[in-house]
Amino acid sequence: MHSTDLDFAERADLALENQFLRKAVRFTVDRLRNGKAAGSAALGDFESWRERGRAIRAHTIANLDRYLEQFCDNLERAGGHVHFAADAAEASEICVRIAKDRQAKLAVKSKSMVSEEIELNRHFEAAGIEALETDLGEWIVQLAHEAPAHIILPCIHKSRGEIRALFERHAGAELAEDTATLAGYARKTLRQRFLEADIGISGCNFAIADTGSITMFTNEGNGRLVTTLPRTHIALMGMERIVPSFADLAVMAELLPRSATGQKLTTYLNVISGPRRANEADGPDELHVVIVDNGRSNQLGDPDFQAILHCIRCGACLNVCPVYRQIGGHAYGSVYPGPIGAVLSPLFQPEQELATELADASSLCGACHEACPVKIPIHDMLVKLRERNARPGRKSRTERLMMELSASVLSSPAAFARAGRVARLLQRWTIFDGSRMTFLARRIPVVKNWLGTRRLPPPPKRAFRDLWPDLEREVKS
Amino acid sequence: MWIGLSTFAAPDGARVEPNAITTRAVRVSLFITCLADQVFPEVGVSMVRVLRRLGCEVRFNQQQSCCGQPHHNAGFTPEARRVARSLLDAFDGDDHVVTPSGSCAAMLHHSYPTLFAEDAEELARAQSLAGRTSEFSQFLVNVLGVEDVGATLERTAVYHPSCHGTRLLGVGNEPLRLLSRVRGLELRPLANSQDCCGFGGLFCVKLPAVSAAMTSEKASHVSATGADVLVGTDLGCLMNVAGHMRANGSKIEAMHLAQVLDSGHAQH
């Protein structure tokens with residue numbers, strides 16, 4: 001889904017034509033954002049919690065080197081292995097090498113957006129190792145050969161009917177369309193695979209510096225099986241995914257589930273501090289934590305973008321985004337969709353076309369910032385990205401010319417007044433009451449795009465500035 | 001500081017008599033915005049009349065044009081600064097500056113500090129301007145302390161809270177408090193009112209299909225209320241939603257809050 005010849009507008013148009021997708025996305029984001037509203041209200045003064053969350057994330061990221069080092073030391077002391085990956089390719093290489101060294105044939109995965117970011121499944125496949133998604137939503141998109149369409153609900157765009165069809169194809173048999181049957185089929189099928197797996201691959205919601213622990217907030221229980229049954233556990237984490245201590249995790253545990261789904265807490269909260277010890281019955285023999293940079297450290301010290309590293313991947317900004325709501329995740333063409341994806345993708349992959357087009361995929365309504373549990377000013381970052389994109393050579397010459405010309409007119413009140421008079425005359429000649437498009441108006445892209453679905457108000461005879469002398473006299477008389 | 005306003009700032013928001021006499025008028029300089037100036041001058045006229053009824057002395061400086069937001073939001077920062085500078089020049093005094101747009105007011109409050117961050121003198125002027133600038137409903141309720149302006153409008157209305165006004169500027173229930181005191185006005189609640197209407201300035205012409213899908217959903221919620229008037233505090237949003245609805249056969253009328261508050265008074 002990531003490599004495509006279509007631009008964002010074209011991908012969005014395709015999504016807009018898919019009424020099933022739009023209905024499914026709207027239904028689910030409404031459920032999630034209503035859940036968040038109720039869940040955050042139940043916490044009392046949610047604003048003060050947001051501020052605590054922001055302060056913890058800001059402090060941690062400002063001291064990331066220190067906390068990363070502390071985390072690594074403590075993890076190694078607990079018997080874990082630490083690997084640093086500078087980019088996506090290196091991260092996948094490390095995972096593949098660990099798997100190959102152990103003659104692994106099957107890796108079971110719990111949900112990890114970093115594994116999507118580094119395209120781990122593709123690399124495992126190339127190495128002849130099966131990588132099986134065990135999160136229900138991730139398994140569904142894997143069966144459909146798609147990418148996740150949402151960072152916490154990968155199959156948000158799929159209807160129950162589509163999921164049933166995928167499962168029936170996999171089962172080679174007919175299945176009833178109720179949730180219990182479909183989830184039951186997944187459970188039965190996947191359960192056997194957990195037992196066969198050589199490697200378990202998980203993500204990491206937060207790593208705790210002062211204990212060297214990794215944590216996972218999950219709802220399905222597959223995360224526990226992935227991290228305990230196979231002999232080797234590989235945890236993938238973005239290098240920013242750290243909190244200093246359990247006390248800080250307690251704050252994040254209030255913010256993350258409530259912002260994601262509205263839950264007080266996810267069904268499971270796993271805290272893993274090293275591999276199985278000699279006196280323990282369960283757990284893997286080996287624990288490897290792969291810490292992925294992949295563009296993150298470039299944001300450190302950048303006053304405009306460092307705060308993007310505060311993100312806790314709750315998906316709240318997707319659920320309130322009016323653009324995401326209409327088109328879903330795949331139209332973004334990036335691993336991370338929605339407002340957060342529009343900021344993350346260009347930062348991680350600055351050389352790609354996505355870098356310019358996704359910054360425009362927003363009406364700058366600010367709903368993302370309002371919803372963010374750690375107060376990341378995403379809409380301001382989108383403007384900053386547009387500023388980068390507007391540098392000479394990166395925008396069409398027509399757009400630059402239009403912007404320069406309009407700035408000249410608008411910065412001179414006299415020119416502005418004259419231009420207004422001309423524009424009103426033109427509008428009267430070409431569009432009249434705004435209900436029909438004349439030959440001429442159809443040739444002007446801006447006008448055409450507006451009038452495609454809307455009318456223009458009829459032009460006034462005079463501007464306010466021309467009415468003012470009369471208004472001024474009104475009061476004196 | 002607000003000498004002469006005690007007449008209006010009755011704690012219970014009691015009705016203010018039109019043409020009440022004050023000892024010293026509050027001076028208001030009107031920031032009309034480029035859109036109201038050129039496309040909706042009647043909104044400016046209503047603002048002037050409402051403010052004068054409340055005893056304000058209203059001025060209008062012809063040296064104003066636009067706040068620079070279209071350029072700023074498109075990433076053309078030097079161009080935005082150039083336009084914004086002309087606004088600093090136009091409002092260099094110490095009057096209150098009142099505008100019919102929460103979005104343009106938010107541009108001054110939220111974006112001017114970064115836009116002018118590199119020049120201390122300009123930054124000070126920008127901060128002074130932002131400090132004196134209010135969106136219309138905020139000015140009436142929070143500065144003048146008025147909720148009932150004595151308006152009458154026998155219509156059924158629905159209010160759309162615009163994104164920049166509410167999220168960036170912090171407009172809360174001020175428009176609703178003002179509307180709830182309009183005699184004869186039936187105000188109906190709007191589902192998903194917090195969702196963007198799809199305007200977004202240049203967004204609506206850069207991504208017309210996505211914008212139209214957003215507008216269409218907003219329009220369906222407005223239609224569902226059965227209201228015949230759509231009220232707002234930002235003309236871009238009103239022009240967008242009403243323009244979409246009228247293109248689809250609706251008879252809905254868009255009114256800026258100022259026009260509603262100017263209703264039911266004998267015109268001069």
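At roughly what angle do the axes of helix 3 and helix 12 of chain A cross? Keep that in mind while we set up.

This is a predicted model, where local features need pLDDT of at least 70 and side-chain atom pairs count only at pLDDT 80 or more, while totals for chains, interfaces and linings use all residues. Residues are numbered from 1 along each chain as its sequence is written, and chains are lettered from A and ligands numbered from 1 in the order in which they are written.

**Stop one: two helices.** Select residues 46-62 (helix 3) and 246-260 (helix 12) of chain A: their axes come within 10 Å and cross at roughly 130°. That makes helix 3 of chain A oblique to helix 12 of chain A, since angles under 35 degrees count as roughly parallel, over 145 as roughly antiparallel, 65 to 115 as roughly perpendicular and the rest as oblique. Helices here are DSSP runs (H or I, at least four residues), and strands are too (E, at least two). Axes are lines fitted to C-alpha atoms, for helices over the stretch in contact, with angles from 0 to 180 degrees between N-to-C directions.

**Stop two: the sheet.** Now show the open sheet of six strands in chain A, ordered 1-10-7-4-2-3 with parallel pairing; two strands pair if DSSP finds at least two bridges between them. Strand 1 (81-85) and strand 3 (130-133) of chain A stand at the edges with a single partner strand each, so one side of each has no neighbour in the sheet.

**Stop three: one pair.** Pick residues 232-238 (strand 7) and 286-292 (strand 10) of chain A, which run parallel and are joined by seven bridges. Zoom in on A:Thr232, which stands opposite A:Glu286 in strand 10 of chain A.
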